[in-house]
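User: I would like to learn how to read helix packing and cavities in a protein model. Can we work through one together?

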Amino acid sequence: MEEREARDGAVRVGMIWGGIGGVVGFLVSLLGSLVGILAAGFVGFSCGRRAAEAGRRTGALSGLVGGAVAAPAYVLGSAAGALVAVRGIGATRLAATLSEMLGTRVTPDEAWLFFLLSLVLAAFLQAVILILASTAAGAWAKR
């Protein structure tokens, strides 16, 4: 019974921090996906620490559960923020910037495809960093 209560507390904390993280991820990703990746560590740390305090069992397990619950909401918010930012810039301007950087002609469709691929990579990195930071913070909070 205690294990279930510990898990329920971590899930509740993960849901709360998922909502907070989604908003934070949206706002910081307006500046770029790299900022969203950095912010994922801070959100994960806060989530894991609070999940460990809410749970009665092991801190790392509570942090892992809380981070796993919070990660999808954070990633969706972050991806939405990055999409809004790039749509504001425009595919033509993005293609021109990529063409200058790479020294070859990049069409707007290719630039949009590159952006979407980078968004998938950033989302994966954000989820991994958030969950790892949450697990580490949960383990650290129980010490």
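This is a predicted model: local features need pLDDT of at least 70, side-chain atom pairs count only at pLDDT 80 or more; totals for chains, interfaces and linings use all residues.

User: How many cavities of 30 Å³ or more does a search of the whole structure find?

Analyst: One. About 30 Å³ of space lies in the largest cavity.

User: Which residues line the largest cavity?

Analyst: The lining is made of Ser29, Ser33, Ser78, Ala79, Ala82, Leu119, Ala122, Ala123 and Gln126. Now sort them by element. H3 and H5 are the elements that give two or more residues to this lining. The largest share comes from H5, with four residues.

User: Now the helices. How are two packed helices described?

Analyst: By the angle between their axes and the distance between the axes. Take helix H2, residues 33–54, and helix H3, residues 59–89. Their packing angle is about 150 degrees, and their axes are 8 Å apart.

User: Why does H2 count as roughly antiparallel to H3?

Analyst: Because angles over 145 degrees count as roughly antiparallel. The angle of about 150 degrees therefore makes H2 roughly antiparallel to H3. The crossing of H2 past H3 is right-handed.

User: Which residues make the contact of H2 with H3?

Analyst: On the H2 side, they are Ser33, Gly36, Ala39, Ala40, Val43, Cys47, Gly48, Ala51 and Ala52. H3 brings Gly59, Ser62, Gly63, Gly66, Gly67, Ala70, Tyr74, Ser78 and Ala82.

User: What about H2 and H5: at what angle do they pack, and how far apart are their axes?

Analyst: Helix H5 spans residues 108–141. H2 and H5 pack at about 30 degrees, with their axes 7 Å apart. Angles under 35 degrees count as roughly parallel, so H2 is roughly parallel to H5.

User: Is the crossing of H2 past H5 left-handed or right-handed?

Analyst: Right-handed. The H2 residues in this contact include Ile37, Gly41, Gly44, Phe45 and Arg49. Among the H5 residues are Leu119, Ala122, Leu125, Gln126, Ile129 and Trp140.

User: How does the contact of H2 with H5 divide by class?

Analyst: It has 15 nonpolar, eight polar and one charged residues. Now look back at the lining of the cavity. Ser33 is there, and Ser33 of H2 also takes part in the contact with H3 and in the contact with H5.

Methods: Residues are numbered from 1 along each chain as its sequence is written. Side-chain values use heavy atoms; hydrogens and water are left out. Axes are lines fitted to C-alpha atoms, for helices over the stretch in contact, and angles run from 0 to 180 degrees between N-to-C directions. Angles under 35 degrees count as roughly parallel, over 145 as roughly antiparallel, 65 to 115 as roughly perpendicular and the rest as oblique. A crossing is left-handed if the near helix is turned anticlockwise from the far one by less than a right angle, and right-handed if clockwise. Contact means heavy atoms within 4.5 Å. Ala, Val, Leu, Ile, Met, Phe, Trp, Tyr, Cys and Pro count as nonpolar, Asp, Glu, Lys and Arg as charged, and the others, Gly among them, as polar. On a 1 Å grid over the protein atoms alone, a cavity is a set of points where a 1.4 Å probe fits but cannot get out, and a pocket is an open set with protein on both sides within 12 Å along at least five of seven lines; lining residues have an atom within 4 Å of a point. Grid points are joined across faces, edges and corners, and a volume is the space filled by probe spheres set on the points.
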